[in-house]
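Okay, everyone, let's get started. Have a look at this one with me, and then I'll walk you through it.

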Amino acid sequence: MKRILIVFAHPAMEKSKIQKQLLASAATLQSLTIHDLYEQYPDFAINVHHEQELLRIHDTIVFQFPFYWYSSPSLLKEWLDLVLEYGFAYGHSGTALAGKQLLIATSTGGSQEVYQHEGHNKYTMREFLHPFEATASLCGMSYLPPFIIHGAHQLRTNEEAIQQQADRYREHLLLLQTS
Amino acid sequence: MQNFLWEAFVYLAATVLVVPFAKHFRIGAAVGYLIAGIIIGPYLLKLVGSERETVLRFAEFGLVMVLFLEGLQLQPTVLWNLRRSIFGMGSAQLTLSTIAIGTLAWACGLTWQTSILLGSILSLSSSAITMQALEERGHEKTAVGQSSFSVLLFQDLAAIPLLAIFPLLLIQRTHSIQESHGTSTHPAWLQAILIICIMGAIVASGKYLLRPIFRFIARLRSRELFTATALVLIIAITLIMELTGIPPALGAFLAGVVLANNEYRYELEADIEPFKGLLVGLFFVSVGACLNFGAVINAPALTASIVLALILLKIVTLFIVGRIFNLSLTENFLFSISLAQGSEFAFVFFSFSANAIGLPENIASLLNAAVALSMLFSPLFVHMQQYFLNRVTPTHSQNKEFAPLPLQEHPVIIAGFGRFGQIVGRFLRANNIGCTILELNADTVFTLEKFDQKAFYGDATRVDLLESAGIAKAKVFIIAIDEAEKCTELATLIKKLYPHLHIMARAYDVIHAHELHEAGADIIERETFSSSLDLGIEALRALGFRAHFATRAARLFRKHDEKAVREMASIEKMETYVSLAKRRARELEKLLQRDNTKNDSDIDKAWDLAAQRSTPTEPTT
């Protein structure tokens, strides 16, 4: 069974509905660690050594966050900048992450239609997430198809639909663990 | 002297012997006191004699204190939060009940003025008995508890005109009687002006005179002196009031209201509470001892019907009020039966101004006895009511939560509102977190007042003070006192008595931080550490470093320092025999040594590829 690390980034958890539910649902799984970045590092003072140790002892890394300005919240970017050091994540001797899996799990306000070439945002989600895909590639990780929840704005008031998505997320993670 | 000691012995011994029984049978301490009084009185054991009237006069002073304390509770915020039930239910109850009882009195042949006055006096219920009965059954916070509290509060407010102004209206009519009795030598209009002037004087002195006096006394930091001052204040009011023929309770109540928003409120409350308890007990004992059973025995049928009429009329009117204000049926039963007894004010009234309004003496003493009997029966009725309700509806929902009690139950208590506590308090307030503040420095409290910050004067290591500040309901206790030893002492005390609290403490230095840790504080902050480090950042920037670098360097230093301090804590214990100054010097030395060995090069590693490549992290497989 694979050990999953959810690196979670949400700057205003108290206002979240969907992400909170997703996290709660994931938390019920075995051998899965939830790492809440904004709770751990409110002042952005990331403990690089600690983070690297966490990465070492897990097989599948999940970046879970709400999609902001076509990317992740800023602390996750800071985390990437600091933690994925030369000699650890990449470079000649940087093989700590090689062979691990990377999954992006995110939620967007707009519907799936707007994330099309003909749509309002002009690019697909897969394209917006290219930097993560390239990061995975540089670190020798296998990049999994992203888990995306669209239309978060409409979903907010629908408890049942949120629960459905949360269950889907849990199933998805469970499948990753056992495959 | 011996006589006095004997009397004191009889009164206290009766209380000590009877009240535990009262507690055991859940009939309430007040009723226990009454029974104790009756037992030692002239109709049973004959242990007390002619002095009992004197004792009663003395014990009435207990009621003066009760009213002072009740006045203290009357903060504008409490009134506002409960305005609907206080003014709605309270006035409805008083009006209905006055009409009902007054009509009966009028029908019995009394004049309409006397009837109205009698009706309103008998409409009042006993706070001592009701609130205790409800608290014993855990009802203080339920709809019933809050409704009863509101009604009783309104009755207290109404007692002002009842005890003072109404008799005035009747003085005209009974002028001749009064002069022959010699209770008041002033004509009515002069009396009225006098009352208004004195009320004004109390309000004015409460605002402008008492505060500086309390501030001065508080600065001397002598608890006994503060208690003495509080007693002097109440006794002075009583004396002045008696001179002018106004009930002293009224003046004390007014003084209490004036001081309700004062920063010394909690301290006053805690200081007077024990005196009040004892004197109120004494009051009920002497009421019991003074009961005129002769009158009762001469007219048993009349007494019985008066008592019954009183209780029934009260229950019916209270029930109607409860109905109007949406109490459920079971709640309404408890509410109307709990409040269906005469008030302790009635005793004061009957002995104070009964003949002033032309009430015959024998009727007055009958009514007095009737009120006492209604009190005695009150717990019995409540028991019966509970019993029947439990039989009929075993799962009645009496614990419905009422709107939360206003204020004084803040989640945070801050002890010490000086330079440190102020910042914490202001920050929490800015985020809409209510704080109850306890501060010992009278000057600080005064200064804060000028800047619209509310702080209460009081020593935070006093348990009674902590209780009245609402510590049982608090979640976080912040210790921000200046004196290091006092901080540790307080942390130990809180940890022992209120283990549910999250204790956060301000530490003077590293050594003090260790002591606080030992005492059980959960979060400890060294008072100068963060600000010193911030200044360090500014120093680096002034020397040309980028702000981001300086800030990151400070973060790293903080981590390093916290680790060093933690590690030193274990070594610290072995060196407790060394003098404080020496320990400080050694600590500094150790810290400096550690600073030398630390590696700062990783501050900018993330954004400096060259640095990363030159010091590669351990390769892993």
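So, which residues make the nonpolar surface patch of about 530 Å²? They're Trp6(B), Phe9(B), Leu44(B), Leu45(B) and Leu47(B). Before I go on, the bookkeeping: this is a predicted model, where local features need pLDDT of at least 70 and side-chain atom pairs count only at pLDDT 80 or more, while totals for chains, interfaces and linings use all residues. Residues are numbered from 1 along each chain as its sequence is written, chains are lettered from A and ligands numbered from 1 in the order in which they are written, and side-chain values use heavy atoms, with hydrogens and water left out.

Back to the patch. Patch residues have over 30% relative accessible area and no salt bridge, with like charges joined within 9 Å and nonpolar side chains (Val, Leu, Ile, Met, Phe, Trp, Tyr) within 5 Å. A salt bridge here is a Lys or Arg side-chain nitrogen within 4 Å of an Asp or Glu carboxyl oxygen. Areas are Shrake-Rupley with a 1.4 Å probe, and for residues only the protein chains shown count as cover.

Take Leu44(B): it's in the loop between helix 2 (29–40) and helix 3 (52–73) of chain B. (Helices are DSSP runs of H or I, at least four residues, and strands are runs of E, at least two, numbered from the N terminus.) Leu44(B) is exposed at 52% relative accessible area; the cut-offs are under 20% for buried, over 50% for exposed, and partly exposed in between.

Next, the sheet. Chain B has six strands in an open, parallel sheet, ordered 3-2-1-4-5-6. Its edges are strand 3 (456–457) and strand 6 (523–526), each pairing on one side only. Pairing takes at least two DSSP bridges; strands 4 (476–479) and 5 (502–507) of chain B have four. Ile479(B), for instance, bridges to Ala505(B).

Now rings: there are 18 aromatic pairs over all chains. The centres must lie within 6.5 Å, using the six-membered ring for Trp alongside Phe and Tyr; planes under 30 degrees apart are stacked, over 60 edge-to-face, the rest tilted. Phe87(B) and Phe154(B) are edge-to-face, 6.2 Å centre to centre with 85° between the planes. Phe87(B) is in helix 5 and Phe154(B) in helix 8 of chain B, so the pair ties together parts 67 residues apart in sequence. Phe87(B) is partly exposed at 39%, whereas Phe154(B) is buried at 15%.

Notes. Buried < 20%, exposed > 50% of the residue type's maximum accessible area, 1.4 Å probe, protein only.
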